[in-house]
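Please read them with the structure open.

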Amino acid sequence: MSQRVLVVDDDRTVADVVCRYLRHAGYRVEHVSDGPAALAAVAETPPQLVVLDVMLPGLDGLEVCRRLRQRPDGIPIVMLTARGDEADRILGLQLGADDYLGKPFSPRELVLRVRSVLRRAGGEPAGAAPEVLRDGGLVVETGPRVARLHGRELSLTLREFDLLAHLMRHPARAFRRAELLERVWGWQFGDQSTVTVHVRRLREKVEADPADPRRIVTVWGVGYRYEPTGD
């Protein structure tokens, strides 16, 4: 059965183009045009992914994103933001959006982003062997995509999980933000603040003191590295 995508956008022209391209790519697509309708649609039949515009009537996309992230199923979210509206983009990432595109955007690029996020949501790429990554009480299982800290399952978005797993695979190696964008997001160019926001969110979940991180360490002038603590 094809995967279901919910498109939330009050611009009829944009929504029609997005829905047409997604259907052509093989997805089942539902469209709603405001925030309350989006939450109602997800509650009735949860989709595999939500394409969510920031500017919505009734309830804006940022609040919809926040409420969706309170659900336990972790539905992937690709957010659409106005070109150059960095504050909304960063806030969307902080609230747990898995990806974003700035308007105007290429519908083909949106389809590629949706496909990439859904592929990651489905687990390991074809041919990749599942791994169990351990650092003391922090355990990451890439097959079922589960991370636990001292036995407690962590609520990670798709990109947070992928970023943590990538860093843990390469302990003590410093990565530039541009490298992480390419290796984790699959982007050869993009806003590097995306990485910064995700690192901040990860630290809040895996560090005893996010203000003084011991696992995900900043390498000044370079980027970040993972330091095993054994804790």
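This is a predicted model: local features need pLDDT of at least 70, side-chain atom pairs count only at pLDDT 80 or more; totals for chains, interfaces and linings use all residues.

1. Residues are numbered from 1 along each chain as its sequence is written, and side-chain values use heavy atoms, with hydrogens and water left out.

2. Strand 12 (residues 223-226) pairs in the antiparallel sense with strand 10 (residues 175-176) over 2 bridges, and strand 11 (residues 216-219) pairs with strand 12 in the antiparallel sense over 4 bridges. Strands here are DSSP runs (E, at least two residues) and helices are runs of H or I of at least four, numbered from the N terminus; two strands pair if DSSP finds at least two bridges between them.

3. Within this arrangement, R176 has G223 of strand 12 as its bridge partner, and V217 stands opposite R225. The hairpin of strands 11 and 12 has 3 residues between the strands, and G221 takes a positive phi near 80° there.

4. Helix 4 (residues 86-95) and helix 8 (residues 193-206) have axes that come within 9 Å and cross at roughly 35°, where axes are lines fitted to C-alpha atoms over the stretch in contact and angles run from 0 to 180 degrees between N-to-C directions. Residues including I90 and L93 in helix 4 meet residues of helix 8, among them V197 and R201.

5. E153 lies in strand 9 (residues 152-153), and its C-alpha atom is separated by 26 Å from that of I90, 63 residues apart along the chain. Leaving aside neighbours within four places in sequence, E153 is in contact (heavy atoms within 4.5 Å) with V146, A147 and R148.
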